[in-house]
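Welcome! Here is a friendly tour for someone meeting this structure for the first time. Take a look at the picture, then read on.

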Amino acid sequence: MDNREIADRLEALASLLELADASPYSSRAYRRAAETIRGAAVPVGELVRTGRVRELRGIGPGIESRLRELVQTGQIAELAELERELAPDLVGLGRYLGLGAKRSIELARSLGVRTADEFREAAAAGRLQGVPGIGPKTEARLLEALSRESEPRPRQGLLLNRAWELVGGVAAALGGRAAGDVRRWRDSCEQLAVVCATDEPGSVLARFAELSQIVAVIERTERRAVGLTVEGVPVELVVSEPERFGTALVHATGSPAYVAALEPLPDAPDEGSLYAALGIPWCPPELREQPFRGDPPPLLEPRQIRGDLHCHTTWSDGRAGVEEMGRAAIELGYDYLAICDHTPAVGAVRGLSPDKVRRQGEEIAAANEVLAPFRILRGIECDILPDGRLDLPDDVLAELDWVQASVHGGQRMPRREMTKRVEEALRNPYVRCLSHPKGRYISRRPENALDLERAYEVALEEGIALEVNGLPDRLDLSGMHVRDALRAGVQIVCSTDSHSIRGLGNMALSVATARRGWATAADVVNTRPLEAILRPARPV
Ligand SMILES: [Zn+2]
Ligand SMILES: [Zn+2]
């Protein structure tokens, strides 16, 4: 059993514990353990067998005993029991239809059905009417939702990291390719698709239905199926003939507008030959949003990133120490890493006073002795106060190598005040980068009112870069804003804002978001060598 399989089983257990209304603490703990195991560099099955699995972060005695059971017997008894009791396929279908888990199970009980298929039959036969609490309106809504299954869309988009985990996992298990919104790296993914090529679609479709991520298949034709996760998220599987794989992949990857503009698509075994047959250059998936037939620019590549300029440590709200983060950055092949912990005004977490900034500086200097020629930069994520002043005095900022300025509190300010506030901060001579400029949390908090056009002007005058924050729920600037910023001549920085070693991996999300904004390496500050970061060219 490999790490991915073990992690999948723990995830399934976490989801079902949630459904069963078990303590939210335990389901979170299982989810975190699954995440750790998925990212572990060593075979976790081996650690379990040799009794060393608790050396992994977040794995205590309870989870260890579940892991031992799983590795020894191939299953977790409680998981099997919960699956019987809760009928995850019914729950998945219910969630897809907009019903809570409890309600789905009650409904199934009154209908006397045990599977999603039986539920659909009962609904089609008009038996929903007989269920207490279901009026004609609710029945009509459920039937309407059931009839929409051919156009699978989750009720709310998935964050990119979760979408990659799900779609990438399904694709890997079936030997196919992730497509849809995920492959274009959209910040919120609705169309989740996997494309496989085979002459024997039946066996792929059967394996799809058996995957631990898929609890119910709500639609199936000869070469296509739609499966649901226990959260009710639909995943589409397209199984193409090998000689049409390129066609199917392009079709399942591009936005409807992009694909429509290329139609009719010729039959092709791979994307290269499809674009060749159309007589246009291959197009990176990130640019397949709007119709485009031209020559794409040489987009930024992950390997061109030479360092991460925004991360946190245990000095504020991070989970790893200074040297630990430095070593992780070396593992990633970077030349430098800026540690930017918070300042006091951030409020919710401990922020660094001037005194602590200096003490952290000593720790960084010591780590640099050990890690040279790699360089940890002394940075700060300095709050921008409501009046535009910064949260640390200039003499402290002057000591630092890299200063990020951030709005945290007060995101709802009206446009003029917010813009003035940010402009004031960008005029500070020590500020190098504006963090997460629009302050959004995807599907949770809308963008702030900052006038970006004005921010671009000021950034350009002051030689300040704008961040493309790689936290999966931020991705701020967004791809669209990156494109505007670059058109205005502003430089960007691809950062992870990571709070752990694992978080450094979110660089992929930041880079992809920059690519969606047509960024090339020349537009991105942290593709440059250390000397260029330390001695910026002053704007004239
Ligand atoms: Zn921040
Ligand atoms: Zn931060």
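Does Arg186 count as buried, partly exposed or exposed? Arg186 counts as partly exposed, because its relative accessibility is 27%; buried means under 20% relative accessible area, exposed over 50%, and partly exposed in between (1.4 Å probe, protein chains only). This is a predicted model, in which local features need pLDDT of at least 70 and side-chain atom pairs count only at pLDDT 80 or more, while totals for chains, interfaces and linings use all residues. Residues are numbered from 1 along each chain as its sequence is written, chains are lettered from A and ligands numbered from 1 in the order in which they are written, and side-chain values use heavy atoms, with hydrogens and water left out.

**Around Arg186**

- Arg186 sits in the loop that links α11 (180-183) to β3 (188-189); helices (H or I, at least four residues) and strands (E, at least two) are DSSP runs, numbered from the N terminus.
- Apart from neighbours within four places in sequence, Arg186 has contacts with Leu160, Asp181, Glu289 and Arg516, where contact means heavy atoms within 4.5 Å.
- Arg186 and Ala512 are 326 residues apart along the chain, and their C-alpha atoms are separated by 8.9 Å.
- Trp185 belongs to the loop between α11 and β3, and it is buried, with a relative accessible area of 18%.

**Helices that pack together**

- Two packed helices are described by the angle between their axes and the distance between the axes.
- Helix α2 (residues 24-39) packs against helix α4 (residues 61-73) at an angle of about 65°, and their axes are 11 Å apart; axes are lines fitted to C-alpha atoms, for helices over the stretch in contact, and angles run from 0 to 180 degrees between N-to-C directions.
- On the α2 side the contact is made by Ala29, Tyr30, Ala33 and Ile37, and on the α4 side by Gly62, Ile63, Arg66 and Leu67.
- Sorted by class, the contact of α2 with α4 has 6 nonpolar, 1 polar and 1 charged residues; Ala, Val, Leu, Ile, Met, Phe, Trp, Tyr, Cys and Pro count as nonpolar, Asp, Glu, Lys and Arg as charged, and the others, Gly among them, as polar.
- Helix α19 (residues 415-426) and helix α20 (residues 452-462) have axes that come within 10 Å and cross at roughly 10°.
- Thr419, Glu423 and Leu426 of α19 meet Arg454, Ala455, Val458, Ala459 and Glu462 of α20, a contact with 4 nonpolar, 1 polar and 3 charged residues.

**An open sheet**

- An open sheet is formed by 5 strands in the order β2-β4-β7-β6-β5, with mixed pairing; two strands pair if DSSP finds at least two bridges between them.
- At the edges are β2 (177-179) and β5 (216-220), each of which pairs on one side only.
- From one strand to the next, the twist averages 25°.
- Strand β4 (residues 192-197) pairs with strand β7 (residues 234-240) in the parallel sense over 5 bridges, and Val194 stands opposite Leu237 in β7.
- Helix α10 (residues 160-174) lies across β2, β4 and β7 and runs at about 15° to β4.

**A covered strand**

- Strand β13 (residues 465-469) is mostly covered, with 5 of its 5 residues buried.
- Ala465, Glu467 and Asn469 are buried on one side of β13, and Leu466 and Val468 are buried on the other.
- Strand β12 (residues 433-434) runs parallel to β13 and is joined to it by 2 bridges; Cys433 has Ala465 as its bridge partner.
- Asn469 is buried, with a relative accessible area of 0%, and among the residues it touches are His310, His436, Arg474 and Asp497.

**Backbone details to look for**

- Most residues other than glycine have a negative phi, and most peptide bonds are trans.
- Glu263 and Pro264 are joined by a cis peptide bond, with omega about 0°, and Pro264 lies in the loop between α14 (256-262) and α15 (271-278).
- Another cis peptide bond joins Asp476 and Leu477, with omega about 5°; Leu477 lies in the loop between β13 and α21 (479-487).
- Trp185 has a positive phi, near 60°.
- Trp518 has a positive phi, near 70°, and is partly exposed, with a relative accessible area of 22%.
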